[in-house]
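User: Hi! I'm new to protein structures and would like to go through this one step by step. Could you help me?

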Amino acid sequence: MISSYFYIQETKKNAQRIDFIHRSFIEYLLAEYYLECCFRNQLSKINMSILTLETISFLEGLLYLIKSEKVDKNQYFEKMIETFDLEERNKMDVRKQLINLATNNFEKNQVLIPEDNGEYPQMAKIVKQINLQNHRWIAVLLLNKLLDNYKIDNKTFFEFVRSTNNSILGNIVTIENLNLSRSDLTKGLGNYNLSGAKLSHSTFHGGYYGTKFIGAELSFSKFERGTKFIGVDFSGANLSNSHVVLKGEFSIFIAFYKL
Amino acid sequence: MRYNIRGFKVFICYREDANGSLYAELTKLILSKGGVNSFVAHIERSKHAEDFDKMRQELLQIVDFFLFINTEDALSRSDVINEFKMAFPNGKPEGKRLIIIHFGKEPRPTNKEFKDKTGLVIPKNMNIPSFQDEDELVDLIINLSWSYRIASVKIPRNSVKKELRLVKYLKYCFSLLETRNKLDNSILADMYIPNNCVESIKKTWNLDEDKISNYYHKPWTIEEFLKNNDRYIVVGASYGIGKTYFSYKLASDLAAKALKNLSTGSIPIHIPLRFQLNKVDNKGNSLESILSLIPRQRKVLFIYDGFDEFGEANRTNIFYKYMQNKLRKYPNSKAIITTRLNSNVPDLFNIDTYVRMLPFDNSQINLFFKKYRISLRSEKISKSGLGLNEIGKPLFCNMISILYKQKKRRVVSKKLFLNRTLLFFEVIHSVVLGKHEKEADNYSYTKHHLNEKRVLRKIAELKFIFGDSLTRTTINNSIKTIQPKIKNNLLKHSIN
């Protein structure tokens, strides 16, 4: 039965190479591993590997089990309790634990590296700077998936986004449930995917290069004079009551939509 | 069976009881080398008695070189000589060369010279070649024909060796269709259902399958691609659609054709990119090693499978340059690259169009379950909660069929609200739990199951980080440090 997970091949060096039956099984189990790290408060281990769309997608599916109040989902939640050794905890307790973990870790601007205890051979070669704030992305994911309209500290959020790999935001971790209203985006942005972001009453200035605001909530936002949008996609965005601030006066905002 | 023996230069008699295909193999392979036309007959002439007797006189006149092969060491040397004498009762034909060779599985030197009045000579201490398989035997025959100046065109020895290695590689490609499905041990050739493929525009790259139907698509076939002027095409699909099986099928089909027509057939090279370019077959040969067997003017199809597994971004740029370089070097070559729909791929390959592999439609899903002998229909699955794009994934059909066999109808219950995460959750949960339930009398299986899941997750993480350099030793070292309560021998149980 266990061959359902692995198959083993002899290598030229007489070592045994272990393969999973399908790559998606690795990605699914990695999603479970990330969740287990959250439950065990071992977030530093999440920073040992790169985040991928597929793994995050599976993790979102697991979080949906924790969030969902549908009766039938509880069957799976019971199994989850068993498989993650959560003993007698109910959904509310589990959610609370994860949300507390997420808020604490998101707010702290720090990198985490696991202790070198032999768990990862050749650890110095594995640790990559680009992954060292993955735990904060997981925190964002937890907040986005377990809460509705959570008012995140938008200043901290955009500082964090700018400081990390922009390919993660929007492409891997989505933020459609976070409340980012009244954000100060006067430093501009690069090729970030802010599709579906709730950015009403925000202030924009500086240069925006390839930023995606597809379906974003931008109502009542201010676009200061001199703001540049190059290759920016506003398709489906709500720009109602947005305006350009022109020498202290208001004028009608004109934008070209990329369809 | 009648043979036109004019033009034959080598007459080969062999004895081979076990392998009836040797006759055909030898004829085909020797002929394919060029310059050597051979006539292969069974040493027990009764098996080809009519042909042989009718042609004997003509053979004596036309054939330059007679070779008797005792392939299985089944006959003693004297038996072979007797056979020869019976075949040619009037002795050695005038001006002809006769050689009896004990081609055998083990080298056996002759102790004394044999000579008879017919002119048949077997020299003392003659090196008796040995061979391990048909390819080697053919190699030896060809070499012998050169040494006796029989071959009209002397092919460099290395070329023959290369071609023999190429034949072996093609046989490997052909065997890819015999790959076993690791989930249920079924053989691909028995279960394979081809996906529909369409040529689509770059704009649809990031769209799910159910959303791309709004765009115009042209059906795509490999036959058309091999005929048109395109040098390469990217085949994109999400995970579980069957990209790897598609690449196996393609390589196997082309290899079958190439083996039938070695000199002009299109040569497939299947390159699993998870090994970068270092391992393209079960012998551990690299892509460069296989390419060294192929003349530059030959038609070649590079099948790069799983570009998304090639490595990190800095490596993928190198790959594109490498691929283009190979296409330039082999002017009659083409390339197919299969990949997941990662957002950077279209720009990296500079493409405006690509081939989208589609999930199964309802009839394909139903055919899948029919092949697996499961009384499920696509209409039932659609009630389970899985999305349209997910139901059509062969991987998911496969997982559902496993669950269905275990739990029967529950898996397609309307109330289940199955999604893809839950499908993986269920499959892994049921397999692990099912395994331990069988042994539940011996220990607390819940605890054991819990530990096994932890080990599985850890191995998945290590596999993700270390890729193909992950070995059992690495896992053992890592597992030791996780938690004292995870027993070392758990891993041993898990992978044994």
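Predicted model: local features only at pLDDT ≥ 70, side-chain atom pairs only at ≥ 80, totals over all residues.

User: Which element gives the largest share of the lining of the second largest pocket?

Analyst: Start with the elements of chain B that give two or more residues to this lining: helix H7 (222-227), helix H8 (243-260), strand S11 (300-305) and strand S12 (333-339). The whole lining has 29 residues, and among those nearest the pocket's centre are Leu250(B) and Leu254(B). The largest share is 6 residues, and the element that gives it is H8(B).

User: How much space lies in that second largest pocket?

Analyst: Let's first look at what surrounds the space. The lining residues divide into 12 nonpolar, 9 polar and 8 charged. The space in the second largest pocket is about 690 Å³.

User: How many cavities of 30 Å³ or more are there, and what is the volume of the largest cavity?

Analyst: A cavity is a space where a 1.4 Å probe fits but cannot get out. By this rule, the count of cavities of 30 Å³ or more comes to 1. The largest cavity has a volume of about 60 Å³.

User: Which element gives the largest share of the lining of the largest cavity?

Analyst: This cavity is lined by 10 residues, and those nearest its centre are Tyr33(A), Glu36(A), Gln42(A), Lys45(A) and Arg454(B). By class, the lining has 3 nonpolar, 1 polar and 6 charged residues. Two elements give two or more residues: helix H1 (23-39) of chain A and helix H17 (445-466) of chain B. The largest share, 3 residues, comes from H1(A).

User: Are H4(A) and H6(A) roughly parallel, roughly perpendicular, roughly antiparallel or oblique to each other?

Analyst: Two packed helices are described by the angle between their axes and the distance between the axes. Helix H4 (residues 91-107) and helix H6 (residues 134-146) of chain A have axes 8 Å apart and pack at an angle of about 135°. Roughly perpendicular covers 65 to 115 degrees, and roughly antiparallel needs over 145. The two helices, H4(A) and H6(A), are therefore oblique.

User: What classes of residue make up the contact of H4(A) with H6(A)?

Analyst: On the H4(A) side, the contact includes Leu98(A), Ile99(A) and Phe106(A), while the H6(A) side includes His135(A), Val140(A) and Leu143(A). The residues of this contact divide into 10 nonpolar, 3 polar and 3 charged.

Terms used
Residues numbered from 1 in each chain as written. Chains lettered and ligands numbered in written order. Heavy atoms only, no water. 1 Å grid on protein atoms, 1.4 Å probe; cavity = no way out; pocket = protein on both sides within 12 Å on 5 of 7 lines; lining within 4 Å. Points joined across faces, edges and corners; volume = space filled by probe spheres on them. Helix = DSSP H or I, 4+ residues; strand = E, 2+ residues; numbered from the N terminus. Nonpolar A, V, L, I, M, F, W, Y, C, P; charged D, E, K, R; others polar. Axes fitted to C-alpha atoms, helices over the stretch in contact; angles between N-to-C directions. Parallel < 35°, antiparallel > 145°, perpendicular 65-115°, else oblique. Contact = heavy atoms within 4.5 Å.
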